Amino acid sequence: MAGHRSPGQPKAHPEMPNENGFIYSANVLEGDSMDQDVESPVAIHQPKLPKQARDDLPRHISRDRTKRKIQRYVRKDGKCNVHHGNVRETYRYLTDIFTTLVDLKWRFNLLIFVMVYTVTWLFFGMIWWLIAYIRGDMDHIEDPSWTPCVTNLNGFVSAFLFSIETETTIGYGYRVITDKCPEGIILLLIQSVLGSIVNAFMVGCMFVKISQPKKRAETLVFSTHAVISMRDGKLCLMFRVGDLRNSHIVEASIRAKLIKSKQTSEGEFIPLNQTDINVGYYTGDDRLFLVSPLIISHEINQQSPFWEISKAQLPKEELEIVVILEGMVEATGMTCQARSSYVTSEILWGYRFTPVLTLEDGFYEVDYNSFHETYETSTPSLSAKELAELASRAELPLSWSVSSKLNQRADPETEEEEKNLEEQTERNVLQMDEADTDLVKVPSALPRGPSLLSSRKTTHPTPRDLSYLPACLGP
């Protein structure tokens with residue numbers, strides 16, 4: 001029958017034209033295939049399209065796919081949200097084994113610490129037991145006339161204990177090596193040297209792991225929001241930093257980066273492009289004396305990446321501001337770095353930070369309860385570029401009026417000069433007509449006077465151009 005459809009036959013869907021006039025079949029968009037075998041259990045999945053192809057799809061299809069949450073490049077606690085995958089050259093981690101061990105988590109670091117010592121004790125304990133077994137010390141344990149390699153070594157457990165005593169230099173005195181065993185003396189020297197190397201390596205690794213200044217960054221705080229407001233008549237982006245400890249950060253410096261994807265004029269797409277944000281590099285304001293909380297300011301000028309961003313456009317931008325505070329720990333002298341970031345939703349337009357420093361009786365007090373607080377202030381919603389254009393337009397009418405007045409004063413003088421030049425030109429032409437015809441012979445067919453001048457030049461000369469004629473055509 002014409003309207004009959006078999007159970008396995010896919011349902012026909014009407015074709016849907018998009019806004020550009022192209023026709024997309026609904027069953028193709030839903031992942032169905034008309035050519036797929038109805039008895040085949042294998043489903044055909046729609047392949048993942050690249051970004052360029054997704055942009056060409058109809059809006060009602062790509063709308064849900066384009067809705068995504070802004071992913072941070074650096075989290076608020078300063079950890080970088082980047083994972084390295086498909087690293088094939090893993091041997092490079094072993095070439096710098098010390099840094100690899102330091103970067104490991106504490107549970108893995110402690111596991112490796114215990115395993116290294118246990119393996120070395122077991123390894124040398126096995127060798128001590130093999131020496132005693134090969135020499136036959138196990139067969140003469142109760143023989144007082146036999147001189148063993150190691151006294152009172154009667155099995156693997158005692159050999160293992162002797163290995164621990166040798167490497168850790170405990171020396172209980174119950175098991176002692178004798179001078180009748182040269183191979184034992186050589187093994188004793190090797191284990192002592194290797195044991196010292198293992199101790200230096202593992203203890204040094206644990207010391208660096210403990211003394212890392214990462215925890216010092218926990219007491220360096222950043223404001224939860226960044227603000228944009230006017231300061232000294234200029235639009236500025238600001239955030240606040242502070243140090244909770246009484247021991248200061250020596251030679252502290254601050255810098256900021258804008259993380260935003262861009263596309264070059266040649267069509268190259270650069271994901272997560274990094275752009276410097278000037279926070280006082282040329283004026284020295286980026287070098288901080290961080291005794292009390294400080295507000296770091298970035299002036300939005302023509303060199304700023306926020307030059308053309310207004311209050312209405314800011315929520316539409318997909319950007320992230322990464323701030324980095326560096327300095328040396330006063331107690332240890334090691335370099336410390338603290339990081340944080342601000343996404344678009346954490347940038348408040350038209351706000352300022354609440355003051356936290358007050359003067360008490362003989363000292364200044366910092367109230368960290370108000371460290372993250374802001375208050376609203378009067379701020380124009382235009383971008384810095386639009387504000388600069390409005391300021392320039394406000395100054396233009398004054399210059400226009402002055403120039404127009406000067407032009408008005410100069411116009412009468414110019415008209416009078418042109419009139420005098422025209423009269424002088426007419427007199428010169430009349431004098432040329434009355435000149436001696438023997439010196440200047442003009443055919444009767446040619447016009448005289450000004451017509452002669454027009455025949456010599458393709459364009460009619462102005463009165464200023466005719467001023468030179470008496471000198472060149474005179475008697």
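How many disulfides does the structure hold? The structure holds one disulfide, a term that stands here for a pair of cysteine sulfur atoms within 2.5 Å.

## About the model

This is a predicted model, in which local features need pLDDT of at least 70 and side-chain atom pairs count only at pLDDT 80 or more, while totals for chains, interfaces and linings use all residues. Residues are numbered from 1 along each chain as its sequence is written, and side-chain values use heavy atoms, with hydrogens and water left out.

## The disulfide

Cys-149 is joined to Cys-181, with an S to S distance of 2.1 Å. The torsion about this S-S bond is about -75°, so the disulfide is left-handed. Because Cys-149 lies in the loop between H6 and helix H7 (156-167) and Cys-181 in the loop between H7 and helix H8 (182-210), the pair ties together parts that are 32 residues apart in sequence. Helices (H or I, at least four residues) and strands (E, at least two) are DSSP runs, numbered from the N terminus.

## Salt bridges

There are twelve salt bridges in the structure, each being a side-chain nitrogen of Lys or Arg within 4 Å of a carboxyl oxygen of Asp or Glu. One of them is formed by the side chains of Glu-346 and Arg-72 (2.2 Å, N to O). This pair links distant parts of the chain, 274 residues apart, with Glu-346 in the loop between strand S11 (335-343) and strand S12 (347-349), and Arg-72 in the loop between helix H3 (59-66) and helix H4 (91-95).
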